[in-house]
Amino acid sequence: MACPDIPEEEYNNPVDPDLPTIGMPALIIFPDSVTVNLGFSVTLEIFAKGVENLSGAYIELNYDKDKLSLLSINEGDFFEGADETIFF
């Protein structure tokens, strides 16, 4: 009986937990760049990695308001079960 080839781990996704180039803790915006045509929308996600006992974070995203408009913000599941919204 022969063992099958075991694939090598490859960390090429910016949200991989063991990505060696990002110090922890970190907030990661994914994707880090995107091209979109006029009239279309894009989703950006913010991931918290290596975070323990977080009760909140101040995140400010700067963008050209003449070129982009914010359509919505969703909390995601990081603070799932919190008594109140995390947006203030």
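Mentor: A contact means heavy atoms within 4.5 Å. Keep in mind that this is a predicted model.

Trainee: Among contacts between residues at least 6 apart in sequence, what share joins residues at least 24 apart?

Mentor: Start with the contacts in the protein chain whose residues lie at least 6 apart in sequence. Then keep those that join residues at least 24 apart. The share is 26%.

Trainee: How many helices and strands does the protein chain have?

Mentor: Helices number 0. The two elements are E1, residues 26–30, and E2, residues 45–49. The count is 0 helices and 2 strands.

Trainee: Which peptide bond is cis?

Mentor: Look at the loop between E1 and E2, where proline 31 sits. Omega there is near -5 degrees. The cis bond runs from phenylalanine 30 to proline 31.

Trainee: What percentage of the residues is buried?

Mentor: Buried means under 20% relative accessible area. The protein chain has 88 residues, and it exposes about 8,500 Å², with carbon and sulfur atoms supplying 52% of that area. The buried part of the residues is 6%.

Trainee: Which element gives the largest share of the lining of the largest pocket?

Mentor: That pocket has a volume of about 2,000 Å³. Its lining holds 47 residues, and Leu44, Ile46, Leu61, Leu70 and Ile73 are the closest to its centre. E1 and E2 each give two or more residues. The largest share, 4 residues, comes from E2.

Trainee: How does that lining divide into nonpolar, polar and charged residues?

Mentor: Take the lining of the largest pocket by residue class.

Terms used: Residues are numbered from 1 along each chain as its sequence is written. This is a predicted model: local features need pLDDT of at least 70, side-chain atom pairs count only at pLDDT 80 or more; totals for chains, interfaces and linings use all residues. Side-chain values use heavy atoms; hydrogens and water are left out. On a 1 Å grid over the protein atoms alone, a cavity is a set of points where a 1.4 Å probe fits but cannot get out, and a pocket is an open set with protein on both sides within 12 Å along at least five of seven lines; lining residues have an atom within 4 Å of a point. Grid points are joined across faces, edges and corners, and a volume is the space filled by probe spheres set on the points. Ala, Val, Leu, Ile, Met, Phe, Trp, Tyr, Cys and Pro count as nonpolar, Asp, Glu, Lys and Arg as charged, and the others, Gly among them, as polar. Buried means under 20% relative accessible area, exposed over 50%, partly exposed in between (1.4 Å probe, protein chains only). Accessible areas come from the Shrake-Rupley method with a 1.4 Å probe; for residues, only the protein chains shown count as cover.
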